[in-house]
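I opened a notebook for this structure and wrote down what I looked up, one entry at a time.

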Amino acid sequence: MLKISNLHVHFDLDGTIVKALCGVTLGVNLKETLVVAGESGSGKTVTALAVTRLLPAAARVTSGEIYFNGKNLLLLEEDALRKVRGKEIAYIFQEPGSFLNPVYMVGDQIMESFLLHQGLPRVEAFAETLRLLELVKIKDSRRVFFNYPHQLSGGMNQRVGIAMSLACRPKLLIADEPTTALDVTTETQILDLLCELKSSFGFSLLFITHNLSIARRIADRICVMYKGQVVEEADAERIFCSPQHFHTKELIHAYQTIGTQ
Amino acid sequence: MNKLLLVGIAIIGFLSAAAILAPFISPYEPSLIDSASLLMPPSYAHPLGTDGLGRDLLSRIIYGARISLGIGIIAVGISLCIGVIAGSVAGYFGGLADSIIMRSADIMLCFPTFFLILATVAVLEPSIINIMVIIGLTSWMGIARLIRSEILSLREREFIQAAKAIGASHYGIICRHLLPNALGPVFVNATLGIAGAILLESALSFLGLGVQPPVPSWGNILIESKATLGVAWWITLFPGLAIFVTILGFNFIAEGLRKHWGYNA
């Protein structure tokens, strides 16, 4: 359903051209979990942001195509693109706290999705929001609705972030290291929650991480990136049984070393 | 809430209440001429004395508060509207829009504002509305710069990207996500702006190009006192004191808000 082919992205930093992506090709199938793994700076996040053209102003897509359900997202008008963002492709970001606007109660921010894309009346949007908060396993949803982001823990904020992204029942969810800022227990809870929601909502998941132990838990397929290129792409099983590229081996080695300590 | 803010709010609250309730609390009509009591010093009948035409000074100062505070607030309202729109468009879109808007702000800043206002009021007629509009049109640049710089730093924050990612429009991002986070320092600045506008109006009135008599404003009461300064100190003292206390009140509120929110502007 998502097909990125030969994507090149350059950053123009005051005249110096930095090649962030050099010909990335990858695809996400319906209801599949694709994990994009790689070290920092390998272009995982740039790839994710490029999908709905959320890249910073200094970045430029120099060539390549991104097809989502038959539409070329790189050629789409701004208005049409806005209808894709949030409604069809939604994001979960790394720092749960800073991705919520500090001046609004978290409930209001989840409601914004309903009001933007579905035009629900406020009363219904409120009820939907409470229901959604319960779906992401927040127990006293009524209290949390009226909390500000700084009053909630990282794990709670990430649940709110997930609720926000699922509000419009997107077909593809892009999660950019959603558990990196969380502790291990919370990480497990969030991962379990994501897997559970994935089967009940039926979205495809593009999950970005540098941590292969997470990849092993959730991935159907894994795609390893290194220096702006996809160096290896295969079923999760195959990656762990017989890694081909040396960077894949490094990543596997990294988490095994930590595991044995 | 700190003491400064409370004192400021108390002063401005008191003056605003006096201005709003003017017809009920002022002891006389502000333009009632009483030829039997010219230049009377403060007494029981006239708590702040009377002027050269026998008009009650207290009543004139209370009615003057309506004009002076009104001009301050409306002029700053106008400059807020222009400044917020100009600054957020410049800061959010950047590029050509930014260059055009900020260069026009720079050009406006090059004019000596007071003489620009003097000249404009001299050509047009010095009505209250004209004075409000002209002060507003010549004082938006500071607010625009402030908003622009706030938005330049806010638009790089993650929650703006998150708002884009759920499909918010430019308008929605500016109004719902950027401005509420940028308005704090602007309120501080606007409060100071009200004080500035009141001073400006007093200065204009003092030069005879402000609010025209018989409508009382603090500035034009002051100029009328000039002729009788030698014999009637109260006509100069009390309107001057009113201006002083008001400016102080607004400055207290601005400083108090700044401390309350923890800005270093």
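**Entry 1. A:Ile174 and the cores**

I started at A:Ile174 and listed its contacts. Leaving out residues up to four places away in sequence, A:Ile174 touches A:Ala48, A:Val51, A:Ile89, A:Tyr91 and A:Leu206. The model is a predicted one, and I read every contact here with that in mind.

I then looked for the core around this residue. The largest nonpolar core holds 79 residues, and those with the most contacts inside it are A:Ala163, A:Ile174 and A:Leu206. A second core of 62 residues is separate, and includes B:Leu57, B:Trp140, B:Ile143 and B:Phe250.

**Entry 2. A:Val9**

Next I went to A:Val9, which is found in strand β1 (residues 2–13) of chain A. Is A:Val9 buried or exposed? It has 23 C-beta neighbours inside 10 Å, so A:Val9 counts as buried; the cut-off for buried is 20 or more.

I listed the contacts of A:Val9, leaving aside neighbours within four places in sequence. They are A:Ala20, A:Leu21, A:Val46, A:Ala50, A:Leu55, A:Ala59, A:Arg60 and A:Val61.

I followed β1 into its sheet. In what order do the 4 strands of this open sheet stand? The order is β2-β1-β4-β5 in chain A, and the pairing is antiparallel. β2 (16–28) and β5 (71–72) of chain A are at the edges with a single partner strand each, so one side of each has no neighbour in the sheet.

Strand β4 (residues 59–68) of chain A pairs with β5(A) in the antiparallel sense over 2 bridges. A:Lys71 in β5(A) is the bridge partner of A:Phe68.

**Entry 3. A hairpin in chain A**

I looked up another strand pair. Strand β9 (residues 221–226) and strand β10 (residues 229–235) of chain A are antiparallel, paired over 6 bridges. A:Cys223 stands opposite A:Glu233 in β10(A). The hairpin of β9(A) and β10(A) has 2 residues between the strands, and in this hairpin A:Lys227 takes a positive phi near 50°.

**Entry 4. Helix α4(A)**

I turned to a helix. Helix α4 (residues 122–135) of chain A has 14 residues and reaches 20 Å from its first C-alpha to its last, close to the 20 Å expected at 1.5 Å a residue.

Which residues of α4(A) are buried? They are A:Ala125, A:Thr129, A:Leu132 and A:Leu133. Seen down the axis of α4(A), these buried residues fall within an arc of 100°, so they line one face of the helix. An α-helix has 3.6 residues a turn, so residues three or four places apart point the same way.

On the other side of α4(A), I found A:Val123, A:Glu124, A:Ala127 and A:Arg131 exposed. The buried residues of α4(A) pack against α3 (106–118), α5 (141–145) and α6 (154–166) of chain A. Just after α4(A), A:Lys137 takes a positive phi of about 65°.

**Entry 5. Where chains A and B touch**

I looked up the contact between the chains. Chain A gives 21 residues and chain B gives 14 residues. On the side of chain A that touches chain B, the elements giving two or more residues are α2 (78–84), β6 (89–92) and α3 of chain A. α3(A) supplies the largest share, 4 residues. By class, this side of chain A has 9 nonpolar, 6 polar and 6 charged residues.

**Entry 6. Chain B**

I closed with chain B. Its secondary structure comes to 11 helices and 0 strands. The C-alpha atoms of chain B fill a box of roughly 75 × 45 × 25 Å along the principal axes. Of the 265 residues in chain B, 43% are buried. Among contacts in chain B between residues at least 6 apart in sequence, 71% join residues at least 24 apart.

I picked B:Ala75, in helix α3 (residues 57–93) of chain B. B:Ala75 is buried, with 26 other C-beta atoms within 10 Å. Not counting residues up to four places away in sequence, B:Ala75 touches B:Met132, B:Ile135, B:Gly136 and B:Ala197.

Note on methods: Residues are numbered from 1 along each chain as its sequence is written. Chains are lettered from A and ligands numbered from 1 in the order in which they are written. This is a predicted model: local features need pLDDT of at least 70, side-chain atom pairs count only at pLDDT 80 or more; totals for chains, interfaces and linings use all residues. The expected span of a helix is 1.5 Å times one less than its number of residues. A residue is buried if 20 or more other C-beta atoms lie within 10 Å of its own, exposed if 12 or fewer, and partly exposed in between; C-beta atoms are placed from the backbone. The arc is that of the directions from the helix axis to the C-beta atoms. Two residues are in contact if their C-beta atoms, placed from the backbone, lie within 7 Å. Two strands pair if DSSP finds at least two bridges between them. Ala, Val, Leu, Ile, Met, Phe, Trp, Tyr, Cys and Pro count as nonpolar, Asp, Glu, Lys and Arg as charged, and the others, Gly among them, as polar. A nonpolar core is a set of buried Ala, Val, Leu, Ile, Met, Phe, Trp, Tyr and Cys residues joined through C-beta atoms within 7 Å.
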